[in-house]
Amino acid sequence: MDYKKSLYERFGGDQQVSELIDQFYYKVLFDKLLRDKFLKADMSRVRYQQKRFFSQMMGDKNTQYTGKDLVEVHKGLNITNQQFDKFKVHLKNIAQDMEVSGADLEELLDHVEKHRDQIVFNKTT
């Protein structure tokens, strides 16, 4: 494995990140635990911003996330730890289906986990 390349490059760049996010939101919108969080959202905008966020998070030097602050976006959604964990399960399953290596998958999930406190505001479950 070439660790000199960013996770974004090892993952396959823009096309693969776009595929991951598109498949992810397809799953989320059919998931009873998560779909209510997106019923009023402009999903085209959500996907666009999420792709930019993930690309930057994964090390793409040419992408700058310009969306709202994560706390601002998520504070009124009452997201639980259970919902955040389900989010990660969907990402993991999709990435495995895309044949992402185990090490790259773990790195991706670690990056996502670092944002839990900016997304989860309902600590009861």
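**View 1. Asn78 in a loop of the predicted model.** Asn78 is partly exposed, its relative accessible area being 43%; the model shown here and in the views that follow is a predicted one. Asn78 belongs to the loop that runs between helix H4 (70–74) and H5. The backbone at Asn78 has a phi near 55°, which is a positive value in a residue other than glycine. Most residues other than glycine have a negative phi.

**View 2. Glu99 in the loop between H5 and helix H6.** The loop that holds Glu99 lies between H5 and helix H6 (102–113). Phi of Glu99 is near 65°, again a positive value in a residue other than glycine. Glu99 counts as exposed because its relative accessibility is 70%, and the cut-off for exposed is over 50%.

**View 3. The packing of helix H2 against helix H5.** Two packed helices are described by the angle between their axes and the distance between the axes. Helix H2 covers residues 13–28 and helix H5 covers residues 81–97; the two pack at an angle of about 130°, and their axes are 10 Å apart. H2 and H5 are therefore oblique to each other, and their crossing is right-handed. On the H2 side the contact comprises Leu20, Gln23, Phe24, Lys27 and Val28, which meet Phe87, His90, Leu91, Ile94 and Ala95 on the H5 side. By class, the residues of this contact between H2 and H5 are 7 nonpolar, 2 polar and 1 charged.

**View 4. The packing of helix H2 against helix H3.** Helix H3 covers residues 43–57 and packs with H2 at an angle of about 135°, with the axes 9 Å apart. H2 and H3 are therefore oblique to each other. The crossing of H2 and H3 is right-handed. H2 contributes Val17, Ser18, Leu20, Ile21, Asp22 and Tyr25 to the contact, while H3 contributes Met43, Val46, Arg47, Gln50, Lys51, Phe54 and Ser55. The residues of the contact of H2 with H3 fall into 7 nonpolar, 3 polar and 3 charged.

**View 5. Aromatic pairs around Phe53.** The count of aromatic pairs comes to 7. One of them joins Phe53 and Phe54 in an edge-to-face arrangement, with 6.3 Å from centre to centre and 70° between the planes. Phe53 counts as buried at 14% relative accessibility, and Phe54 likewise counts as buried at 2%. Phe53 also forms an edge-to-face pair with Tyr65, for which the centre-to-centre distance is 5.2 Å and the angle between the planes is 80°. This second pair links distant parts of the chain, since Phe53 is in helix H3 and Tyr65 is in the loop between H3 and H4, 12 residues apart. Tyr65 is buried, with a relative accessible area of 18%; the cut-off for buried is under 20%.

**View 6. A cluster of aromatic rings.** Phe24, Tyr25, Phe38, Phe84 and Phe87 are linked into a cluster by ring pairs.

Terms used:
Residues numbered from 1 in each chain as written. Predicted model: local features only at pLDDT ≥ 70, side-chain atom pairs only at ≥ 80, totals over all residues. Heavy atoms only, no water. Axes fitted to C-alpha atoms, helices over the stretch in contact; angles between N-to-C directions. Helix = DSSP H or I, 4+ residues; strand = E, 2+ residues; numbered from the N terminus. Parallel < 35°, antiparallel > 145°, perpendicular 65-115°, else oblique. Left-handed = near helix turned anticlockwise from the far one by under 90°. Contact = heavy atoms within 4.5 Å. Nonpolar A, V, L, I, M, F, W, Y, C, P; charged D, E, K, R; others polar. Buried < 20%, exposed > 50% of the residue type's maximum accessible area, 1.4 Å probe, protein only. Phe/Tyr/Trp six-rings, centres within 6.5 Å; stacked < 30°, edge-to-face > 60°.
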